[in-house]
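Subject: Structure handover

Hello,

I am passing on the structure below, with notes on what turned up in it. Please keep it open while you read.

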Amino acid sequence: MSTAPSAAPAPRTPSGEWVATWLAGGVRSSGDQGPGGDQSSTARQSAVVAVWTLVSRVTGLLRVLVVGALMGPTYLSNVFQAGYVLPGNVFTILAGPVLAMVVVPVLVRALTAGGLDRANQLFSRIAGRLLAVAGLGGLALAVAAPALAWTLSATVPEPDRARAWLWTTVLILFVAPQVVLYGIATLGVAAQQARGRFALAAAAPAAESVGVIATVGLACWIYGTGLEVGDAPLSMMIVLGAGSTLAVVLQAGLQAYGAARVGMFALPTRGWREDLQARDSIRRIVRSIPVAACPALTNFVLTVVAATVPGGVLVVQLSYQVYYALSYLGARAVSIAALPRLAAAAARHDRAEFGQAWRHGLFYAVLASTPSMCLLAMFAFPTANLLANGELREPTLIAQLAACLTVAAFAQLIGGIHDLGKQALFARLDDNGPRLASILALSVTVGIAASTLLLDAQDARLPALIIAILAGETVGAVTVLSRLRRAMQPEPLVDRHSALVASTATAAMLPPITAGAWLLSNIAVERYVVLGILLVCGALTVAAFAAVIKLLNRPDSSAALSTSPSFTEGEPIVTVSSRPDDRELKEWDRIVAEVPGSDVSQLSGWAAVRRTAGYTALYVFAWQRGRLVGGVQVLLRRVPLLGQVGYVSYAPLIAPHAPRDEVLTAMADALETLARRRVRALFVQPLDSDDVSTALLARGFRASTAGVAPSSTVRIDLTADEDQLRAGLSKRIRRWTGKWEKSGVRVRRASADDLGLLTDLIGRSALHQGFAELSPDYVRNLYQQLSASGNAEIFVGEVDGEPVAAELLTACGGVLRSRLTGLDRTSPATRLSVTSALDWEAMLWARRNGFREFDLGGLSASAAAAIRAAGFSSPELDGPDRFKAGFGGRLHTYPPAVELISSRLLRVAYDMLDSASFGRSVLNQVRYWMRQSGRRRGQ
């Protein structure tokens, strides 16, 4: 069989539609990573964001330290610190961080669909609208300068309050243009991220911090250090305002250069109303304004309250800088890099892929944030002592700063998870969840911050402000996680193994942290020695953390977290998705139909049938040079107390004429990875070749007795003529073939109109045999899903025109297989052997219609053993097995079934149950429950 080049799409590349590819045991990316990529690209891009964010945050922290050291804990310092951050807060309210969340996916889609020209056209229209709004925001800031200056200077004592108001007004007027400049910078960031570039976008803010440091240094060199409002001239405030604006010009220029370097530089234009994509982007940004505004309002409220304490703004802003620096080095860096993959999975409505992307992101976020949380919480006081320099070296301020840093250590982890959750919801185009979480977080934070005015200004007020941040972030995180949990079901929100790894690694950090704390508390040393101890302790702590992660993580995790080499053109690529597109499913169904002896349980229609019974399907597809060459449909179900379990019936399948060894190797590696990382247990019944079982056994699978599908059956060769087929029958059935017509027995091919009859007769048989009755909806759905493609047939047996028996058969891979049979045992059907007539006529129909074999529908293991020992006439056969043996044919045995139970504890428990009669009874009940999910309850 040859596959047409257009029959299946090539693996997706930087369109933002993520494709996880497994090659030779590792998760690898296909082609240019671009903004999408796989989990290895997420880890790599997270590292890029974290490294360059470290540079930016260190310079930002240095900026606060320099301002504090040169200007001191003064009201003039409060005025400058609070005033020059206003433009950033205004732009954050207008668009801020949500701009990239909205614009990046839109630009990626435009690049994929229309190329760079279309992306630039769309970008220029979005930029035109946003910069126009930013200009209005800057103008509004300038107009509101006197009022805002009054709020920021209200705590300055007389007689300097009026002077502080004027100085603050002048400062705001000079920094107001920064609102537009931040718009240019943020658009540049979005353009770079849309093209898969993160370094300059994360590093450019450092240039602004350096510019502000230079400005403050110049102003203090000219006018002096530690000045109060009454001592500072107006020209000093002009220098500070103009210099800080020039610093933002520098950052905006660098971001615009970065956009131009990736071919995404376009002058802002009008026309956004006529462009559907641009209009939709603007509207989504508007709907998300509360998400951007709430953190800015929070910062403003905290600044106003902190200004009631001399030097309080410096302490709170310094704590805020540490909080955001650690967060952006950890969880927030992961969320920025994870957004393209989350958005791609959401765009494909691929719940399993989205769940995997979320769990990877959450795992990386926790790993990146936990060491800094533990270290800062334990060493908050020595850290505060090192950060407090110049005019800040006062015992009271150092103690308050230490308390603030302790709380900030925990807030940065919770805040990072909150941010990652918002990114995930935005990826699903859910604006309501992030908006609700932001409003709730703002309400909690502002409420607690306002209540701190009742506390003593010298002791508890400043730490309580940081506690307000922690409380708000906690409420926000709980809100987004609960909403995300509902959206992801039945996918788990947290991977248990990852949680265990992170918890154990955290415990491993305690010894070096404890030793460092003991040294610092018992040895009086100089500050530079304290810094050395902190650095050594930090290095040992991180080393212990990393060592435990490496030790405990699953064998394939290292491959999943590392950067993979590119693949050669002819090397098989394996993709994993819970919802492939229609063209992929059509190509997969064609391969299933063409593989000799295949079963309908691998058709996409069968997945739709089992979905009504609580199962979800996961498709593992093998591609070569853009053509689908093999795959497997895995059915998944969550088992109470155990987690998600998967099973495979009669697969993997490899297309004829495909390089079987290469494809099988890739597929076996993928199934091992799936079994170890995404499900608690995976059971596989291969189709017709022992090499599948052998390959899986070599990868840690073991022989299975779970019986997820029949391991043996009776097959009739339909290439024989009718006389030969009749000769193979038992004497009893052979005699009946000549008597049925005389006895009034007639078999007809039925249609959907007979589904009610079929379900009724199946129900009667179930009642007689003690089985749960299949629901009519389940049988109807089964037939409708399969019959449209010619994969299901119904035959009805009648006696003197009265229906007494019916059979549903499935057709696939050149085999017609008996699936469900119903019989009215109160009718003459039992003595006239009408069920035998059904199978005989179905065999003849199948032969006339080109089928190669007829399958009687599976044998028990004991029956298969009896046939091997004594043939089809074995006296040990009884019931349905003896009935099937009466048609002759041959015993068809499938390759050995295999299983992989990833958890050692679960594997031991499973084996203990399987070794005892009571335990086997429990396991049989679980198997029965999983098989009978389409049956009526209580019957």
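Tyr 75, Leu 76, Ser 77, Asn 78, Val 79, Phe 80, Gln 81, Ala 82, Gly 83 and Tyr 84 are the buried residues of helix H2. That is ten of the ten residues in H2 (residues 75-84), so the helix is largely enclosed by the rest of the structure. Bear in mind throughout that this is a predicted model.

Next, the nonpolar cores. The largest one has 83 residues, and Val 620, Val 634 and Leu 682 are those with the most contacts inside it. Helix H26 (residues 660-677) gives the most to this core, nine residues in total. What does Val 634 touch, leaving aside its neighbours within four places in sequence? Its contacts are Thr 616, Ala 617, Leu 618, Val 620, Gly 646, Tyr 647, Val 648, Leu 671, Leu 674 and Leu 682.

Helix H17 (residues 395-427) packs against helix H18 (residues 432-451) at an angle of about 150 degrees, and their axes are 9 Å apart. Angles over 145 degrees count as roughly antiparallel, which is why H17 is described that way relative to H18. From H17, the residues His 418, Lys 422, Leu 425 and Phe 426 take part; they meet Gly 433, Pro 434, Ala 437, Ser 438 and Ala 441 of H18. By type, the residues of this contact are five nonpolar, three polar and one charged.

Then the sheet. Seven strands form an open sheet with mixed pairing, in the order S11-S12-S13-S14-S15-S10-S16. Strand S11 (745-749) and strand S16 (890-893) are the edge strands, each pairing on one side only. On average, neighbouring strands of the sheet are turned by 30 degrees against each other, direction ignored. Within the sheet, strand S13 (residues 802-812) and strand S14 (residues 815-823) pair in the antiparallel sense over eight bridges. Ala 811 has Leu 816 in S14 as its bridge partner. Helix H31 (residues 776-787) packs on the sheet, where it touches strand S12 (792-799) and S13. The direction of H31 makes about 125 degrees with that of S12.

Finally, some backbone details in loops. The peptide bond that joins Ala 651 and Pro 652 is cis, with omega about 10 degrees. Pro 652 is in the loop between strand S6 (643-649) and strand S7 (653-654). His 657 is not a glycine, yet has a positive phi of about 75 degrees; this residue lies in the loop between S7 and H26. Ser 833, also not a glycine, has a positive phi of about 55 degrees. The loop that holds Ser 833 runs between helix H32 (829-832) and helix H33 (834-848).

Ser 833 is buried, at a relative accessible area of 7%.

Regards

Methods
Residues are numbered from 1 along each chain as its sequence is written. This is a predicted model: local features need pLDDT of at least 70, side-chain atom pairs count only at pLDDT 80 or more; totals for chains, interfaces and linings use all residues. Side-chain values use heavy atoms; hydrogens and water are left out. A nonpolar core is a set of buried Ala, Val, Leu, Ile, Met, Phe, Trp, Tyr and Cys residues joined through side-chain atoms within 4.5 Å. Buried means under 20% relative accessible area, exposed over 50%, partly exposed in between (1.4 Å probe, protein chains only). Helices (H or I, at least four residues) and strands (E, at least two) are DSSP runs, numbered from the N terminus. Contact means heavy atoms within 4.5 Å. Axes are lines fitted to C-alpha atoms, for helices over the stretch in contact, and angles run from 0 to 180 degrees between N-to-C directions. Angles under 35 degrees count as roughly parallel, over 145 as roughly antiparallel, 65 to 115 as roughly perpendicular and the rest as oblique. Ala, Val, Leu, Ile, Met, Phe, Trp, Tyr, Cys and Pro count as nonpolar, Asp, Glu, Lys and Arg as charged, and the others, Gly among them, as polar. Two strands pair if DSSP finds at least two bridges between them.
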